[in-house]
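I opened this entry to log what I looked up, topic by topic.

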Amino acid sequence: MIGTFWSLVPAILAISLALISKEVYSSLFAGIILGGAFWAISMKAGFSGFIDHVFADGLIANVADSYNIGILIFLVVLGTMVALMNKAGGSAAFGNWAKKHIKSKVGAQISTIILGILIFIDDYFNCLTVGSVMRPVTDKHKVSREKLAYLIDSTAAPICIIAPISSWAAAVSGFVAEGENGLALFCKAIPYNFYALLTIVMMFTLVLGKVDFAGMSKYEKAVQMMDEKAEELEQAETKGKVIDLILPIIVLIAFCTLGMIYSGGFFTEGETQWNFIDAFANSDASVGLVIGSFAALIITFVFYIGRKVLSFKDCLDCLPEGFKAMVPAILILCLAWTLKGMTDSLEAKQYVAGLISNAQGLKSFLPAIIFVIACGLAFATGTSWGTFGILIPICIAAFPEVNDPIRIISISACMAGAVCGDHCSPISDTTIMASAGAECNHVNHVSTQLPYALIVAAISFVCYLLAGFIRNPIIPLVFGIAAVIGMLYLFKFIQNKEK
C-alpha cells in the first residue's frame, strides 16, 4: 500500500466523510486510523506498531513539530487580539463607523476583498485578520458567514501565490535548484497562474453581479431573514472608538512583517546579512508570525491600558477567551497535520511524482496534466506547500532549459494546482482558518465554496491546455476571464428565468 494509489485513500475517506456527515473531527480521525492501519499492514508492524504510528509518530510528533507549534501559538495570540478588540469596543465602533460609510451589501463585500488583497504577506495572517476586521461590517449588511468565509479564503492563498513579497514566494524560492534565482522564477510564473488570477475575477463578478448559486444562495437567503438584535447590542457599546480596532491591526501587520524579515536574517550583523527581498525568501513564517504577534499583543495591552478602556486584569482575561475561541480551529489543524503525516508515511507524494515523470512525452499537454495532479494531491493531503515542494523540483528536472516557456508554465501550473486543491480541501489549514476567521461552520464553508472553486479550476485547466500550445499568457487569460464572467451571468440568467 506504500507508494501506490492506496496511499491517497485515507485522505479521500476523511474528505468524503466530512462532506457527507457534516462532521469534521471524527472524519479526520477515521482517515488517520485507516492510514495507520495501511502502514502497519504494509510494514508488518502488528498492533503495537499501528498504535505507535497513529499516536507517537503521528499525532504527538506532528503537533510537537516546531513549525506547527509556532502556528498554534500565533493562532492563540491572534484570538486574544480579537477578544481584546471586542472587549475594548473597537469592533463595535468600527461596525458603527462602517454603517455610515459602507452603504450597501456590495460595498461590504468589496471592502472585504480589497482588505484581503492588501494583506498579502501570509495566508494564515490574512484569514484571521480580515475575518476579525470585516465580520461586524458584513454582519450589519447581512452577508452570510459562508460568503464571508469564501471571500476570506479566496484572498488568502490565491493572493499570496501571486505576491512576490510573501511567505509563499519565500517557500517557492526555497524549492528551486541551487544557484537559480527563485524569486525571479516566481515572478515569471505569475502571469501564468490562471487559478489565482481567475479567482480574483470570480469574486468581483459574484459581488458586483449579485450572483449566488448552489449552497451559497441558500445561506445568503437565510441571513436576510435574521433580526436586528445583534446590531442593537452593538449599537449599545459606546466606550470604544474606531482607533481601538485600526491601530492594533496596523501594529500587527507592521510587526508581523518585521518578524518575517527578522527570521530571514535581515537584522543579522556580518557577512550573512540579507537585503529585504532575500530576507523574505529565507524567512520562517512560523517564527516571524509568533514574534510579530507577541510584539503587537504587548503594544495593544499598553495602548488599551493607557487609554483606560481596559484594565490590566481585563487584558489578561482575554488570553483564555482568545484560546477558547481558537480551540475548534486548533483541533482541526492538529488532526489535519496528523492525517498529512499518515499520507507522507505512505509515500503519497512519491506516487504522484511518478505519475508526472511518466507523462513527459506529452510536452504541450504537461501543464494541464500537472495542474490536475497538483489539485488532486493538495486536495487529498491538505497542503499546498508540500505539493509544490515535491512537484516543482520535478518540473525543473523535466525542463532543464531556463528559457524554455513550458518550464515556466509547468511550474506555474504546479503552484496554481496546489492552491486550487488547498482552496477546496476541508483538511487544508488555510480553509480551516478561513472558517475560524469568519466564525463559520467549517463544513458549511467547504460545501458552499466548492462549486465556485471547481468552476474556476475547470476554466483554469482549459487555460493551461491553451498555454501549453500557445506558450503565451495573454490569450489564455483573456479566454479565462471571459469564461468566468460568461459562466456566472449564465447562472444568473437561469436563476432569473426560474423566478
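I take helices as DSSP runs of H or I with at least four residues, numbered from the N terminus. The model is predicted, and I read local features where pLDDT is at least 70.

**Entry: backbone in loops**

I looked for positive phi outside glycine. K210 has a phi of about 55° and is not a glycine. I found K210 in the loop between helix 12 (194–208) and helix 13 (214–224). Its relative accessible area is 62%, so K210 is exposed.

I then noted E439, also not a glycine, with a positive phi near 55°. E439 sits in the loop between helix 23 (429–438) and helix 24. Its relative accessibility is 49%, so I log E439 as partly exposed; exposed would need over 50%.

**Entry: salt bridges**

I stayed with E439 and checked its side chain. Which residue does E439 meet in a salt bridge? The partner is R145, at 3.7 Å from N to O. R145 belongs to helix 8 (residues 145–154), and the two residues are 294 apart in the chain, so I log the pair as a link between distant parts. R145 is partly exposed, at 25% relative accessibility. I also traced a network of salt bridges that links R135, D139, R145 and E439.

The count for the model is 8 salt bridges. Another of them joins the side chains of K87 and E321, again at 3.7 Å from N to O. This pair too links distant parts of the chain: K87 is in helix 4 (residues 66–88), E321 is in helix 18 (residues 312–345), and 234 residues separate them. K87 is partly exposed at 32%, and E321 is partly exposed at 35%.

D317 pairs with K313, and their closest N and O atoms are 3.2 Å apart. Why are they about one helical turn apart? They are separated by about one turn because they lie 4 residues apart in helix 18. D317 is partly exposed at 27%, whereas K313 is exposed at 58%.

**Entry: nonpolar cores**

The largest nonpolar core has 83 residues. Those with the most contacts inside this core are L28, F74, L75, L84 and M433. Leaving aside residues up to four places away in sequence, M433 touches I71, L75, Y124, C127, L128 and L333. A second, separate core has 67 residues, among them F371, I409, C420 and L488.

**Entry: aromatic pairs**

I counted 10 aromatic pairs. F365 and F469 form one of them, edge-to-face, with 5.1 Å centre to centre and 85° between the planes. F365 is in the loop between helix 19 (348–357) and helix 20 (366–381), F469 is in helix 24 (residues 442–470), and they are 104 residues apart. F365 is partly exposed, with a relative accessible area of 40%. I also logged one aromatic cluster, formed by Y150, F213, Y452 and F491.

**Entry: nonpolar surface**

Together with I470, I474, I475 and V478, they make a nonpolar patch of about 590 Å². Helix 24 and helix 25 (474–498) are the elements that give two or more residues to this patch. Which element gives the largest share of the patch? Helix 25 does, with 3 residues. V478 lies in helix 25, and V478 is exposed at 54% relative accessibility.

Note on methods
Residues are numbered from 1 along each chain as its sequence is written. This is a predicted model: local features need pLDDT of at least 70, side-chain atom pairs count only at pLDDT 80 or more; totals for chains, interfaces and linings use all residues. Side-chain values use heavy atoms; hydrogens and water are left out. Rings of Phe, Tyr and Trp (its six-membered ring) pair if their centres lie within 6.5 Å; planes under 30 degrees apart count as stacked, over 60 as edge-to-face and the rest as tilted. Buried means under 20% relative accessible area, exposed over 50%, partly exposed in between (1.4 Å probe, protein chains only). A nonpolar core is a set of buried Ala, Val, Leu, Ile, Met, Phe, Trp, Tyr and Cys residues joined through side-chain atoms within 4.5 Å. Contact means heavy atoms within 4.5 Å. Patches are made of residues with over 30% relative accessible area and no salt bridge: like charges are joined within 9 Å, nonpolar side chains (Val, Leu, Ile, Met, Phe, Trp, Tyr) within 5 Å. Accessible areas come from the Shrake-Rupley method with a 1.4 Å probe; for residues, only the protein chains shown count as cover. A salt bridge is a side-chain nitrogen of Lys or Arg within 4 Å of a carboxyl oxygen of Asp or Glu.
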